[in-house]
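Here are my notes on this one, as numbered points. Have a look at the model first, then read on.

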Amino acid sequence: MPVVLNGKKFKCLVDTGSACTIIRKSVATKLEVVPKQEHTLLRSFDGSYVASTGDVELEVRVGQPQAVIRGTVVDDEKLLHDCIIGRDFLDLPYVMLVKIGTKVHVTRLGDERRLWS
């Protein structure tokens, strides 16, 4: 799904099972953001652990909703996508996921009528 991070477009996975937003180190470099050295140990869906290289502040837009959130940076080989948008963004009170047929849309609460127009 196309996602805008700090004004630049990337292909990202929207993951309702991820507690946090994760980005590749190369994406942080492209965005010219330097991770704060707050190392975090992440547990993946298969139970393995991945160490982060730090955290960055990101302006994230998925569809209409946008927010400034913290992104956890990991080495490129640890992530298949440019980033994973997690529940730290998806659980914001104005963000809504709508499934129509086989497509999932991320919209701002109150804007969902546009999906049927």
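1. Start with the strand pair E1 and E6. In E6, Val60 is the bridge partner of Leu5. Strand E1 (residues 2-5) and strand E6 (residues 54-61) run antiparallel, and 2 bridges join them. Strands here are DSSP runs of E with at least two residues, numbered from the N terminus, and two strands pair if DSSP finds at least two bridges between them.

2. A word on what you're looking at. This is a predicted model, where local features need pLDDT of at least 70, side-chain atom pairs count only at pLDDT 80 or more, and totals for chains, interfaces and linings use all residues. Residues are numbered from 1 along each chain as its sequence is written, and side-chain values use heavy atoms, with hydrogens and water left out.

3. The order E1-E2-E8-E3-E7-E6 makes a closed barrel of 6 strands, and the pairing is mixed. On average, neighbouring strands of this sheet are turned by 45° against each other, direction ignored.

4. The structure holds 1 disulfide (a pair of cysteine sulfur atoms within 2.5 Å). Cys12 is joined to Cys83, with 2.1 Å from S to S. Cys12 sits in strand E2 (residues 8-14) and Cys83 in strand E8 (residues 83-85), so the pair ties together parts that are 71 residues apart in sequence. The link is right-handed, with 105° about the S-S bond.

5. Burial next. Cys12 and Cys83 are both buried, meaning under 20% relative accessible area (1.4 Å probe, protein chains only). Cys20 is in no disulfide, and the nearest cysteine sulfur, that of Cys83, is 12 Å away. Cys20 counts as buried too, because its relative accessibility is 17%.

Note on methods:
Helix = DSSP H or I, 4+ residues; strand = E, 2+ residues; numbered from the N terminus. Axes fitted to C-alpha atoms, helices over the stretch in contact; angles between N-to-C directions. Buried < 20%, exposed > 50% of the residue type's maximum accessible area, 1.4 Å probe, protein only.
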